[in-house]
Amino acid sequence: MASSTDCPDRAPRAVSGAARRPSAGPVRFRTGAGLWAVVLVVLAALTGCGAGSGTGARDDPAAGTEHEHPSASAPAAGAPGTAQGRPATEAPAVIPGLGPRTRAWIPGDARQVVVVTGRDRNANHSQAVLYRHTGTGWEAGPVWPARNALRGWTDDHWAGDLRSPIGVYSLSDAGGLLPDPGARLPYDRSDGFAVSGTGFEGEPLEGSFDYVVAIDYNRTPGTSPLDLTRPLGADRGGGIWLHVDHDGPTQGCVSLSKQHMRDLLLALDPVLRPVVVMGDAASLRE
């Protein structure tokens, strides 16, 4: 989320059952409970900028490693392929930059993987690339500049540590202050995503949650990103989101430019079992 809090709280680093298989029917967050309810929800969300309860795959490696599976569906318009203007090359069998242990955490049925790579353990700048399995290998989209938590990364995330959790997590729910741009993930349009104030560097936070994708860390998949349920307990953080960059580090989330967040929302397809692999470069190479 924005920088003064985790998006909504999240927990440890491992792609737990959430990443392997998101829960069935999404539960939409309803607005209209009154102004105070909205204010309380926003304040709670800001404490995690994504402090969540999804499971991560680092402590509980997925049973299957990356396999060569046929694509679940043909590429949709706007889905990432080779970057525009880049010559077509053979897709690699494994995702570059990921070591054997990290690859083992990726569920065998995942066909979309967002890789967020931090510069180093204590850095709050990173980059993101959306990979799609073609049936014979992993095809990379463009490289997007990204930001993460103020103090960098951790494989033992706790609420308020100002570090982003390392691991592999499913991506099952989206939302935002702005109308649904055409996302295939369940999208909760809510005034509860309104945010104000300033971040760690004095930058305005307004608009940070115009578009959000919940990272399933210490959260219940199939619910709005605004849901405050924390299966691992509130002390393990939560509300860890992918959201719009506010030109400063976050509390625990990963942020992208507004256009890149919109592009990501249009590309992610629940049929392709999308996950995010996130952490500093050295950790992801393990």
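How many bridges join strand β3 to β14? Six bridges join β3 (residues 112–118) to β14, and these strands run parallel. Strands here are DSSP runs of E with at least two residues, numbered from the N terminus, and two strands pair if DSSP finds at least two bridges between them.

Colleagues, this is a predicted model, in which local features need pLDDT of at least 70, side-chain atom pairs count only at pLDDT 80 or more, and totals for chains, interfaces and linings use all residues. Residues are numbered from 1 along each chain as its sequence is written, and side-chain values use heavy atoms, with hydrogens and water left out.

Let me continue with β14. Strand β8 (residues 167–170) is joined to β14 by four bridges, and here the strands run antiparallel. Gly167 has Met278 of β14 as its bridge partner. Six of the six residues of β14 (residues 275–280) are buried, so this strand is largely enclosed by the rest of the structure. Buried means under 20% relative accessible area, calculated with a 1.4 Å probe on protein chains only.

I turn now to Asn148, which is found in the loop between β5 (138–147) and β6 (153–154). Asn148 is buried, with a relative accessible area of 0%. A polar atom of its side chain lies 2.9 Å from the backbone oxygen of Ala123. The side chains of Asn148 and Ser126 are joined by a polar contact of 3.1 Å; such a contact is a pair of N or O atoms within 3.5 Å, where, within protein, one must be able to donate a hydrogen and the other to accept it, and residues adjacent in sequence count only if both atoms are side-chain atoms.

How values were computed:
Buried means under 20% relative accessible area, exposed over 50%, partly exposed in between (1.4 Å probe, protein chains only).
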